[in-house]
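Thanks for coming. I have one structure to go through today, and I will take it a region at a time.

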Amino acid sequence: MTVLGAVTASAPDVDGEWHDEDMSFATLSSTMVGRDADLADLMRAFERADAGEPAAVLVEGEAGIGKSRLVREFEAAVSAQVDVHSGWFLDLGSARTPFGPLIGILRSLVSVLGPDEALAAVGAGGEALRMLLPELSTEAVRRDRTSPEALRDAIATLIEAAAMRRPQIILVEDLHWADDSTLALLSFLLRTLDRGRVFILLTCRSEDVRRGDATSRFIADVRRARLVERVVLSRLDAEGTRLLAEQLSGRPLTDAALERMHERAEGVPFFIEELACCSDAPLPESLTGLLLTRFDRLGDDARAVVRIAAGAERALSHPLLVRLTGYDDDRLDAAIREAAISGILVVDDEHYRFRHALLREAVHDDLLPGERARLHRSYAEALEEHGSRNHASLAYHWRLAQDRRRGLASAMAAMWQAKAGYAFASAARFGELVLELWEQVPDAEDAAGIDRVSLLITLGSVLRNAGDDERALAVAELGLEEIDAGGYADVDPAQHVRLMRDRANYLANLGRPGPLEGYERALALLDEHGIVEGHVRATVLNGLSSRHMLAGRSIASVIAATAAERAAVTAGDETERAVALTHRACSLMLLGELDHAQRGFDAAERLSLGGRAAVQFHMNYSDSLTLRGHFQDALIVAERGLQHVRDLGVLRSSGGGLTQNMVEPLLALGRIDEAERLLATVPDRHIVQRSGLYLSTSRIRALAWRGRVEDAELIRAEWMPALLRAAPLERQVWYYTIEADFALAIARGDWAEAVGVIGRMVADEDVALANQRRLLLEGAWAVAQARAAQIETAAVATAIGVAWESQPDALRDETWGAVMRALLNGDSASLEHAVVSSDADDMPGIVRVGVRLELTRALLADGDRASAAVQLADAESIAQKIGHDRLQRAAAELASRIGAHAATHEDSELTARERQVLELVAEGLSNRQIGERLFISTKTASVHVSAILRKLGVSTRTEAALVLARR
């Protein structure tokens, strides 16, 4: 058995009282007790990571349970084959340093690769990485060349690059003290690191995680998404306590001593260690008393040094300790040595830290309020005197020093600092601390260097960037309520508008009602104050245009986008102008104004080249092309957009939407293998709520395509509630619900349900969008399938035709229209033409098969079994090529029923039509000429020639003519 948390000491038997004659204070042993299974769990997870499948483990347990010791044992077991990069969070209360453990971890990773290779690996993300590691270059960071997304992607790429050399362990301890920004980054890494030898190991003190706090939400989220495994450390049983205590004493414990020790320490290894080191005195009555036992035995100087060290939020440097104590060298050295020998402080290079966080907490909590305030004031003054730029630490110390004004000023500086480093979640925490202190500081505006409305606008933006739209909305509403209550008589109207606009933005992001009305009120306020042009007006109008566009109100969207472009031109804002042009082009396309729309897209592309507006442009443009049925062009545009985000170094963060915009046309075309490969680049665990609304539908369609109905229904059950909530606000989302239900009905072979879904779509009285175009065409095929199954379809067939004709003229593609009418009518002549039309480049793959199946039925009804067999063979071949499970089943069922499988044909005799064709072949006519002579299509003539060659057992037209001559 291994032994946890053991210490070596000289101590005799324990029975009621503790004796410590000649006792030397405890030091950690090299063995563990009671953690064999836990260590084995870590090793199994690491073995998976070592094999190339990234893994993550969260080690949880109460204080003193041995989390750090278990981690050290694990490190020792694998150290010869890995690189370990360690970091830990600090106890800073609400003033937590952004990216607390991250900087050290990144520096460690760079040291493995070397600066040049690290920068080469992250490519465009190098600029973002240098924001956290400025030593990587002597040049100033260009913020206009980077973004928060680039920083996240760069960190993930750096880890993967190091993992190509050897396994990488990212160790982050004390998650219970985590800052929000690092939690957000950890969540991102856990979702996006899906290849390479990477092992993320986290530790957390379970009792310090409060329900609803950031750490609690993080743990719940990653567990729900199955991103981490949990290793929960339990207390030692009586036998474990005996083994540990006997290691400490070097001799067996009596049963009575063991019972009292186990009862008092409750199986917590750290408390067992402390009990073993109690003096010749009664056992302490409380755990706090137990923890302070060592401290109470120190001399005055050593106690003073330990008290000062308890005020430090991190390891304490020697120069700072000299400054705070005022002791001379000999006196300070003696005090430190005593504290170290007593097992309270640990000397680590040039720094001093507590052996265990529980010891620090006990000493700090034992300080009187006045002592604690004076101690932290001395820290804050020393840091300021030293010129510290760690505003988070200053905010922490000034707050505990009860100096509210300096605490507010430091928290404000910490917010700006965190925001500049893209640590938005941490910036939000500091901003909320400023709000908390605002009313307690008479001259808060002077202390903060910002007025309250501007603070609320900034804090809302920071919260939004941190992904917390709910709190951002609350902040915006607070500001508007205070303005409405007359709290700011001289408020800048533009600031008032910004709050209104931001509130509308946050409502839109949350999928709540009200954003359209919010933008309209903001616009009315601009008009009221005569603010005609400018950036703010452009952003409000673009928001308004976007809401109209998403709701299908295309004319209103065009009007708002035109006004937005005019305002953006006046303001010289090319980004907002590009957004306005894109919105207008999308809406003009829906109105059938294709030439105007294309000119708008072209202009938007020129303006957005190299800018961040380029991502939105490529998403909107590729989506518009898909809606028009120009699938090949949509793929080209979406791929260009993906290349753009690769060049920006934000593929992981911003590539999901463009990936979705490639998957949709690929599925439409029947290129299922390519669609599945792209979906695999965004694993389920990567999906967050917003992008998940769209990607979930594509996953359902891809799974249904393959016949994996149960898997598809699981995703539908997970995402359909969110889709239905968003559908009333975004009309296109409603069509996604139709897509999902239609795909599942087809996969189940439930043609009545499939036709019913399309019937529900065409009967809906809300505005019809171009999203219905492909669904109308595929719905016509479903009608044909249902008709063959003797299901009543007349009403839905008529409604489909009406819906198609109701589109703008420019959107009614005649090729699609002819195929649709043929499927709805079911006569062989129109279906023969439809088969030829179905070979068009952008024809949906389902329809290519469906029209051949329907022609097969029509030909059978006409008595032309040979031609039916040819069509069925083509249908089977295409269905197999595109991998559509239900189409393959439909073809096989049809072949089975009619005995006309593509590989066998019961009638080798030529039909009357085939004899006519053969005679024309013998005359030397081409397929086109035969078609003209017999008034049939070239494709049909080709089908007949193929059947003739097969039945005659020849391979060329010349051989067929010779057979006819011999006859």
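This is a predicted model: local features need pLDDT of at least 70, side-chain atom pairs count only at pLDDT 80 or more; totals for chains, interfaces and linings use all residues.

I start with helix α8, residues 214-224. Which of its residues are buried? They are Ala214, Thr215, Ser216, Phe218, Ile219 and Val222.

Two packed helices are described by the angle between their axes and the distance between the axes. For α20, residues 424-438, and α22, residues 452-465, the axes come within 8 Å and cross at roughly 150°. The cut-off for roughly antiparallel is over 145 degrees, and α20 and α22 are therefore roughly antiparallel to each other. The crossing of α20 past α22 is left-handed.

Who makes that contact? From α20 we have Phe424, Ala427, Ala428, Gly431, Glu432, Val434, Leu435 and Trp438. From α22 we have Arg452, Leu455, Leu456, Leu459, Val462, Leu463 and Asn465. By class, the contact of α20 with α22 holds 11 nonpolar residues, two polar and two charged. As a reminder on spacing, an α-helix has 3.6 residues a turn, so residues three or four places apart point the same way.

Next, the sheet. Three strands make an open sheet, ordered β8-β10-β9, and the pairing is antiparallel. Which strands are at the edges? Those are β8, 316-317, and β9, 345-348, each pairing on one side only. Between β8 and β10, residues 351-354, there are two bridges, and the two strands run antiparallel. Leucine 316 stands opposite tyrosine 352 of β10.

Last, a loop residue. Serine 234 sits in the loop between β7, 229-232, and α9, 238-249. Its relative accessible area is 45%, so serine 234 is partly exposed. Setting aside neighbours within four places in sequence, serine 234 is in contact with Arg35 and Ile65.

Technical notes:
Residues are numbered from 1 along each chain as its sequence is written. Side-chain values use heavy atoms; hydrogens and water are left out. Axes are lines fitted to C-alpha atoms, for helices over the stretch in contact, and angles run from 0 to 180 degrees between N-to-C directions. Helices (H or I, at least four residues) and strands (E, at least two) are DSSP runs, numbered from the N terminus. Angles under 35 degrees count as roughly parallel, over 145 as roughly antiparallel, 65 to 115 as roughly perpendicular and the rest as oblique. A crossing is left-handed if the near helix is turned anticlockwise from the far one by less than a right angle, and right-handed if clockwise. Contact means heavy atoms within 4.5 Å. Ala, Val, Leu, Ile, Met, Phe, Trp, Tyr, Cys and Pro count as nonpolar, Asp, Glu, Lys and Arg as charged, and the others, Gly among them, as polar. Two strands pair if DSSP finds at least two bridges between them. Buried means under 20% relative accessible area, exposed over 50%, partly exposed in between (1.4 Å probe, protein chains only).
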